[in-house]
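Thank you all for coming; please have the sequence and the 3D view open while I talk. I will go slowly, and I will start from the whole chain before turning to single elements.

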Amino acid sequence: MKIQKKYICIFCIFSLIVTFSVIFLLNGKIHFVYYENEKEVTEIRLLSYWNYNDSEGRNYQKLIDEFNEQNPDIHVTNDVQTSEEYFTRLKLDFASNNEPDIFISWPCITVNKYAQIGKIAFLDKYLNEDEKWYDSFDKSIWNSVSYNGSIYALPIENIYTAMFVNKRVFDKCGLPIPTTYDELKSAVSVLQREGYTPIAFDISDSGCMLYKALLARLGEILLGPYYYKGRI
């Protein structure tokens, strides 16, 4: 069995209105195995939370199956975790030097964290080789997936995160529906003063989606230089 180092990784990014999923290169280990016909096959492990029981997971698995069929010298295995267990598993894999070849995570802070220690590879070379491919992406995403001027991830999907407002409570407090971040902060102060819980969400990974969206969208405003230095 041969072992070769390769950089591949998938990354997920969330914004307040639109959530971007992006693809990264990680310093993982790709194993070569021999089948009965003695043909060398590259084994790649993808760590994801694409559950086979939902339409998204089935669609991604279909793409993986098609890729495996079209590339007989490469085999991608989808190592599926629940969304609640996913990031714990990812941290354990990194801590035990068992990093996946491809994985999903958050933007900005994760980019900085793993780029600083050389765990993920930059994609500039591949993007520069295909200008049409590069231009197909929303340019606003690059800042969130870059470190020291190099791009470490690619978007693969959009996810919309919505905020629902209790209009009755807002009317009772004499508040307009907020349309900007400053208006939202002002409304939060008033609601809290009137005895209401301004914003509610649970502490699971899925429940914290709003917090992650706010952080991705407003991270620099909220945290200043610490946002890009990976100190949170």
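Among the contacts in the protein chain with a separation of 6 or more, what percentage comes from residues 24 or more positions apart? Such residues account for 65% of those contacts. Please keep in mind throughout that this is a predicted model, and that what I say was computed from that model.

Let me stay with the whole chain for a moment. Its secondary structure comes to 8 helices and 9 strands, and buried residues make up 44% of its 232 residues. The accessible surface of the chain comes to about 13,800 Å², and 53% of that surface belongs to carbon and sulfur atoms.

Which strands pair with β3? Another is β5, residues 102–103, which runs parallel to β3 and is joined to it by 2 bridges, and here you can look for Leu 46, which stands opposite Ile 102 of β5. When you trace the chain, notice also that β3, helix α1 (residues 55–70) and β4 together make a right-handed β-α-β unit.

Which residues of α2 are buried? They are Tyr 86, Phe 87, Leu 90, Asp 93 and Phe 94. Around the helix axis these residues cover an arc of only 125°, which puts them on the same side of α2. On the other side of α2 we find Lys 91, Leu 92 and Ala 95, which are exposed.

Helix α7, residues 181–193, can be checked in a similar way, because its 13 residues should span 18 Å at 1.5 Å a residue, and its end C-alpha atoms are 19 Å apart, which agrees. The buried residues of α7 are Leu 184, Ala 187, Val 190 and Leu 191. Seen down the axis of α7, they fall within an arc of 125°, so they line one face of the helix. What covers these buried residues includes α6, residues 167–172, while the face turned away from the buried side carries the exposed residues Asp 182, Gln 192 and Arg 193.

What follows each of these helices deserves a look as well. After α7 comes Gly 195, whose phi is positive, near 95°. After α2 comes Asn 97, which has a positive phi near 55° although it is a residue other than glycine. To put that in context, most residues other than glycine have a negative phi. Asn 97 lies in the loop between α2 and β5, and with a relative accessible area of 53% it is exposed.

Where else can you find a positive phi of about 55° in a residue that is not a glycine? Asn 148 is such a residue; it lies in the loop between β7 (146–147) and β8, and it is exposed, with a relative accessible area of 68%.

I will finish with Gln 116, which has its place in helix α3, residues 109–116, and which counts as partly exposed at 44% relative accessibility. Along the chain, Gln 116 and Tyr 147 are 31 residues apart, and their C-alpha atoms are separated by 8.5 Å.

Methods
Residues are numbered from 1 along each chain as its sequence is written. This is a predicted model: local features need pLDDT of at least 70, side-chain atom pairs count only at pLDDT 80 or more; totals for chains, interfaces and linings use all residues. Side-chain values use heavy atoms; hydrogens and water are left out. Helices (H or I, at least four residues) and strands (E, at least two) are DSSP runs, numbered from the N terminus. The expected span of a helix is 1.5 Å times one less than its number of residues. Buried means under 20% relative accessible area, exposed over 50%, partly exposed in between (1.4 Å probe, protein chains only). The arc is that of the directions from the helix axis to the C-beta atoms. Contact means heavy atoms within 4.5 Å. Accessible areas come from the Shrake-Rupley method with a 1.4 Å probe; for residues, only the protein chains shown count as cover. A crossover is right-handed if, with the strands pointing away from the viewer, the path from the first strand over the helix to the second runs clockwise. Two strands pair if DSSP finds at least two bridges between them.
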